[in-house]
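Biologist: I am new to this structure. Please show me how to read a few of its features.

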Amino acid sequence: MTGLLLVRHGETDMAARFCGHSDPDLNERGRQQLAGVLTRLSEHSIRRVYSSDLRRARQTAEAIAKHFRAELHVSPGLREIHFGLWEGLSWNEIEARDPVLAENWASNHPNSTAPGGESSQQFAWRVRREMAFLLEEAMKSPIVAVTHAGFIRVGLTNCCGASEQEAWDRTKEYGSIVALDTSPIDGARIEDSDSGCSGGNRVQQGEWK
């Protein structure tokens, strides 16, 4: 029985760039992706939607809440990791500016910190706190949480025992959905779901956004 549905927001014009706390709107393709998200959610009974307060997530969540006539709750705790001085840059731009720092970051990923950004430890702590709240709420009735690729990946590895590869595969595409069954007594379990995955390179595509 699905308790928590984690939804990655739709696409923005900052695709392939480091977009953590940057706040772009959905682009035209991102708005078109909403129809597919709503179709894949249609089998679920949704009464509450939680969302990151960043516009790309909030716009996705607003469409879901409107479609299902559900309550919408917005929280900055569901934001993507903050990339500091790398916000808005592509990986090629980062490598050109400081190849040594870029190589060190890539070698230590995901335990890396962008200059001036949120550390992986800080981010993991924030994700665990928010996931604990969401999983508790999902025990009452099924809920949707619209957030970001990085948040979902850390949530799956830290709270559901998923491997980094599985978490990556399930969140590669905008609008991907991961369903968690909150009924097991030993913790949440990932259900099989259509995440709409396709291939890609983690760092060069700037997929933490």
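Modeller: Start with one polar contact (a pair of N or O atoms within 3.5 Å; within protein, one must be able to donate a hydrogen and the other to accept it, and residues adjacent in sequence count only if both atoms are side-chain atoms). Here a polar atom of the R170 side chain lies 3.4 Å from the backbone oxygen of E191. The model is predicted: local features need pLDDT of at least 70, side-chain atom pairs count only at pLDDT 80 or more, and totals for chains, interfaces and linings use all residues. Residues are numbered from 1 along each chain as its sequence is written, and side-chain values use heavy atoms, leaving out hydrogens and water.

Biologist: Where does R170 lie, and is R170 buried or exposed?

Modeller: Buried means under 20% relative accessible area, exposed over 50%, and partly exposed in between (1.4 Å probe, protein chains only). R170 has 14%, so R170 is buried. R170 lies in helix α7, residues 164–170. Helices (H or I, at least four residues) and strands (E, at least two) are DSSP runs, numbered from the N terminus.

Biologist: How do I read the two faces of strand β5?

Modeller: In a regular strand the side chains alternate between the two faces of the sheet. In β5 (residues 177–181), I177, A179 and D181 on one side and V178 and L180 on the other are all buried.

Biologist: Which strand pairs with β5?

Modeller: Two strands pair if DSSP finds at least two bridges between them. β5 and β6 (residues 189–190) pair in the antiparallel sense over two bridges, and D181 stands opposite R189 in β6.
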